[in-house]
Amino acid sequence: MNDRTAKLRRQSLDTPPSLSAERARLITEFYQANAGRYTVPVMRARAFLHLCEHKTLYLGDDELVVGERGPRPKSVPTFPELTCHSLEDLRILNSRPKTWYRVDSECLKVYEELVIPYWRGRSMRDRMFEELPLDWKAAYAAGIFTEFMEQRAPGHTVLDDKIYHHGMLDFKRDIRAAMHRLDFLSDPHAYSKRETLKSFEISCDALMLFAARHATLAREQAATEPRPERRAELLEIAAICDRVPAHAPVTFHEALQYYWFCHLAVITELNGWDSFNPGHLDQHLLPFYERGLADGSLTRERARELIECFFIKFNNHPAPPKVGVTAAESGTYTDFANINIGGLLRDGSNGANEVSRILLDIVEEMHLLQPSTNIQLSCKSPDDFLQHALRVISRGYGFPSIFNADTVVEEQLRQGKTLEDARAGGCSGCVEVGAFGKEAYILTGYFNLVKVLELALHDGVDSRTGLQLGPTTGDPAEFGSFAELFAAFRAQLRHFVDLKVAGSRLIERMYAEEMPAPFLSVLIDDCVLKARDYNAGGARYNNTFIQMVGLGSMADCLSAIKEVCFEQGKVSLKAMVQALDQNFEGQEVLRQRLMHRTHKYGNDDDYADNLMLDVFNACFAEVDGRPDARGGHYRVEMLPTTCHVYFGSVTGAMPDGRLAGMPLSEGISPVQGADRSGPTAVLKSAGKMDHVRTGGTLLNLKFAPNLVGSEEALQKWAHLVRGYFKMDGHHVQFNVLTAEHLRQAQAKPEAHRDLIVRVAGYSDYFCDLSFELQEEIIARTEHQEF
Amino acid sequence: MAHGLVFNIQRYSVHDGPGIRTTVFLKGCPLHCAWCHNPESISPRREMVVMETRCIGCGECGRACELADAADGEGCLPIQNGRCTWCGACVEACPTAARQVIGREMSVEEVMRAVLQDRVFYEDSGGGVTFSGGEPLMQPDFLAELLAASRAAGLHTTVDTCGMAKIEHLLGIAPLTDLFLYDLKLMDEARHREFTGASNRVILENLQALGLTHRQIWIRVPLVPGVNDDQPALEKTARFAASVPGVRQVNVLPFHRTGTPKARRLGKADSLGDLAPPPVAAVEAALDVFRQFGLEARAGG
């Protein structure tokens, strides 16, 4: 970092997050004035134009990349048309101890007088809950599944390379051409297609207007700027904003600024899950980097400075806060923009380049919370690239995570994508696979497998509430074999996947028809070609995911039941269920036996690992290939973010010895502390699953620094990763730290605010995590060598 | 097929030879080094331990034992029990696995099954299997069969030895061993006897003999403050190591205290007192001594 980027970084870290009511006010005023004047897509595009025209701009001192979503850095807008915070929500956000957002009295006043009166009963969330069936709501309330789109729009996609050779004027030309092709004589949808295309065109104009306002602001600042160097910078910024996004970028600086405008547009238009993401940033920037070096307009240092300014922009944008139960599910400032480094080119050759190395150096030096970063490691990626990344990981900031680029391609081929589109794809959010710039891959929510097993052990009754949530699948006291129990679990699983999918399809259609995303649609193939919105199936590829949570816990629960109740007969299943219902009260010896003397997933022990496979295969069979409501298919993913903590809190004691309310296992990682055979055994266990049939799996390993300290240790670590990827492992991430270090941070958070740990698919500030999550991370097995 | 007594199989063992390895620890050692970090390896017989951090004092072990009496108390059954017939009931009854038997009778086939589980990690990393101890040559037939089976499976083989073995056993396994990790602790015979309980004569003669025919020997020197870290002692060790043709490198292993809690669990006295690990500077100084004799020297490994 130089003085400029060190200062901007410090400002970004020190500025407290706050809520801004400006967007809510502008949207509400626009809707009040215009409701009923336009079709839905045009209304949305005009609302976006209204925002671009009237929102407060920010251009900070010494900034080189410009533009904020809110009126200033770390000031987060709200999206009342999706979910409208109550005054109570706002007060909680202001006062809660973790991941708080400052809410001032002005914001409360705007909400009380303007926003809430208009959007109560009109927001997507309110209307959704009117429409969803009662049994869906009961399952949702019981914590069997969550629903992503109850508070945020579908979103969740990544940009490819198209903006680097296509300006907004080029996009507008394509949109015009699509309008000319419309067939009003025979196509019954021609009118709605035209309205959709109109909305696309308006949103292109909106972004150009937004950039033009920045150009004007930069010139205004230049006029009064006393320092000649800064004045020159401001005039250059103005010139850049004149050129992009209207035209394709020519310079490195323009390329970054263009992406940033697109990013802001996507996350201002709607509040899509996992914000937005430049994808293969190193590959996209390389031509600009090489050209700049060749013609002398750029140096490596300048390129690095510009990317650092770009990274700080991401960190200025904490995730918009959620309401209700979801706040507990994933309380984080992270908005999951996950930049891909390395990977493959479209022709299948190695994609890591000099910009990849700059990115890794920046990640190491800046260690910001956002953006997230990952490396895409192919068997074609050179060892020095992997070792460079491991050296960064060994610093203990949790970044970057490591993905298997070859498996990522194979997963997409299974879903029917072309080879080139698959190679140009990668990972986003936590671990999700997508064809960048061409796919809507929507996450619909987490699914609590362990709760479903709990229901199977109680004939469909939720033991916390006594409600009959699931079908009656038999009294477990009557089960004569393990197979009968598993069949009961399968029946419960099918019931709740049916329920989940029915709810999700309804919500998908609500978004398709009432909450389109015209600007995002301009960026994603083939929305313009098909004249169909991103949220309505306009993307070339459509996939919809259910994220299964608690796989490791499931394997251990089933292993305990199978061994103790059916094979050894030491405890009847009836007695086991009684012990669970009493949270093992007075049964500590039994609980200890279940924890320590049964087969556990994560030890390369086929007994438990085969049960993991049975559960995974059951999930796959229930979900994969079901049609979604956008013309695509449902798929499974194995990732929890932080939801395993919430799901644990609503699930009673289980046969793996876990007490009621404690977290479940996360991702495909073993139960915390159950892996006792070292990292190779964990990787072997996890590698038994067919990762290719998923849309992403998440595996967390915690490493003590002494296991990665020397060059020799680093090489062995690299081989460990390569070994896992030989088995088609999708993803692995490493936390390199000591439990002692974490205890210190827990005891004195004020002194360890900068401590970042990988949680589950992303990194977060350790001190911002809940106490339970902190405890869990400490408990996660440290793979100490002798 | 031979059987042997194994006390641990450690996967992702990264300090016992090249690449990613699995180390098989065979039980029993002819030496009794005061600083031993694996005190559970010394006895050639099975031993009972109780991991104090895991014991919850539930008394299940006592209730399971047919021979326990009132003198054994209500909680955890004492491990030093002359009446024990090794029936295993107390270990089976322990719900937390605090109570364990160190040392498991295993066949070559069983060991190989465990070793081959990590084959995928050996192949690219240049790793393989390491047989350590204790002293693996205390079980020469078992070791020879394990090495032959490993060779047949295409694995790189390493033997970690203290050198205190019959020369014919050592030379017998040499053709099946890709790499020897050979301990050299002290050159002074009297001090060697004082700290390890045995003369070093056989150890030194064996190394000379092995070094004439085997070309991959790494010398391992545990650096123990006050025992062998003085300049003259290190120089003698270095001079000897440099005189053996097959020696390729020297690894200086700083003493650490992981053996202390293990000894306590075994009910053994810890003879080290409050001996602290050597400072980094002392390790560097020791490495310099070896380098002066033209040896490639590394810390750890």
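Which helix of chain A does E130(A) lie in? I looked this up first, keeping in mind that I am working with a predicted model. E130(A) sits in helix α6, which covers residues 124-131 of chain A.

**Entry on E130(A).** Next I asked myself: is E130(A) buried or exposed? I counted 8 other C-beta atoms within 10 Å, and a residue with 12 or fewer is called exposed, so E130(A) is exposed. I also checked its separation from F734(A), which is 604 residues away along the chain. The C-alpha atoms of E130(A) and F734(A) are separated by 43 Å.

**Entry on chain B.** I moved on to chain B and looked up its secondary structure, which comes to eleven helices and eleven strands. Along the principal axes, the C-alpha atoms of chain B fill a box of roughly 65 × 45 × 35 Å. I noted that buried residues make up 46% of the 301 residues in chain B. I then took the contacts in chain B between residues at least 6 apart in sequence, and found that 75% of them join residues at least 24 apart.

**Entry on where the chains meet.** How many residues of chain B are in contact with chain A? I found 21 residues of chain B in contact with 22 residues of chain A. On the chain B side, β1 (3-13) and α4 (119-125) each supply at least two residues. I sorted the residues of that side by type and got nine nonpolar, eight polar and four charged.

Technical notes:
Residues numbered from 1 in each chain as written. Chains lettered and ligands numbered in written order. Predicted model: local features only at pLDDT ≥ 70, side-chain atom pairs only at ≥ 80, totals over all residues. Contact = placed C-beta atoms within 7 Å. Helix = DSSP H or I, 4+ residues; strand = E, 2+ residues; numbered from the N terminus. Nonpolar A, V, L, I, M, F, W, Y, C, P; charged D, E, K, R; others polar. Buried ≥ 20, exposed ≤ 12 C-beta atoms within 10 Å, placed from the backbone.
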